[in-house]
Amino acid sequence: MMLPKQLQDMINKQINMEFFSAYLYLGLAAKCEQLHYRGAAQWLRAQAAEEKEHAMRFFEFLVDYDVPVTLMPIEAPNVDPKSLLEVFEQSLAHEQKVSKSIEEIFAAVMEQKAYSAFQLLSWFLTEQIEEEKTVRNIVRTLQVIKDDVPSLIEFDRQLGSRTSENS
Ligand code: FEO
């Protein structure tokens, strides 16, 4: 089986985007540590680990296909959130970008009749619904909490219960 060149390129770019996602979440984790939101920092570390797994799913797919993997430089994330709400608003905006990219790859799979990539991309489409939903719910909770310090402390504690295993 052959994977069309356009799809090879798109998946190579997506590997980069997933590693960038890991970098972005790590950058946000570091900021949360500075802002003393230790729970959110833990949540973001777990998210970064999940993003590396996403990158590796695409990586292994190309390897299985005997397609050259082209690793590109990972851009430095631009992170300067002033609040926990900003951290997760930036996360949500990023996930929406990722979803769009996955949809574009899926559209190319269909256009080029590259059906052997269908299952992989279907998995990612479903995963993106979950990714957006999780972050959107966090944003909405923070919008309700606003600047109520005891609620922020409690919510940060809850975020900290996330591990790579229960994410
Ligand atoms: Fe791998 Fe959060 O997208």
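Select Glu51 to begin: at 1% relative accessibility, this residue counts as buried, a term that means under 20% relative accessible area, with exposed being over 50% and partly exposed in between (1.4 Å probe, protein chains only). The model is predicted, so local features need pLDDT of at least 70 and side-chain atom pairs count only at pLDDT 80 or more, while totals for chains, interfaces and linings use all residues. Residues are numbered from 1 along each chain as its sequence is written, and side-chain values use heavy atoms, leaving out hydrogens and water.

Glu51 belongs to helix H2 (residues 38-64); helices (H or I, at least four residues) are DSSP runs numbered from the N terminus. Display its surroundings next. Neighbours within four places in sequence aside, Glu51 is in contact with Glu18, Ser21, Ala22, Tyr25, Glu95 and Glu131, where contact means heavy atoms within 4.5 Å. The side chain of Glu51 also makes a polar contact with that of Gln47, at 2.8 Å. A polar contact is a pair of N or O atoms within 3.5 Å; within protein, one must be able to donate a hydrogen and the other to accept it, and residues adjacent in sequence count only if both atoms are side-chain atoms.

Now select Glu18, Glu51, His54, Glu95 and Gln128 together, which an unreviewed UniProt entry lists under "binding site". These residues are spread over 111 residues of sequence, yet they cluster in space, with a largest C-alpha distance of 12.8 Å. UniProt positions are in the numbering used here, feature names are shortened, and annotations may be inferred rather than shown by experiment.

From this group, move to Gln128 in helix H4 (residues 118-145). Gln128 counts as buried, at 3% relative accessibility. Its side chain makes a polar contact with the side chain of Glu95 at 3.0 Å.

The aromatic rings come next. Rings of Phe, Tyr and Trp (its six-membered ring) pair if their centres lie within 6.5 Å; planes under 30 degrees apart count as stacked, over 60 as edge-to-face and the rest as tilted. The count comes to 5 aromatic pairs. Select Phe106 and Phe118: their ring centres are 5.6 Å apart and their planes at 50°, so the pair is tilted. Phe106 is in helix H3 (residues 84-111) and Phe118 in helix H4. Then show Phe58, Trp123 and Phe124, which ring pairs link into a cluster.

Terms used: Helix = DSSP H or I, 4+ residues; strand = E, 2+ residues; numbered from the N terminus.
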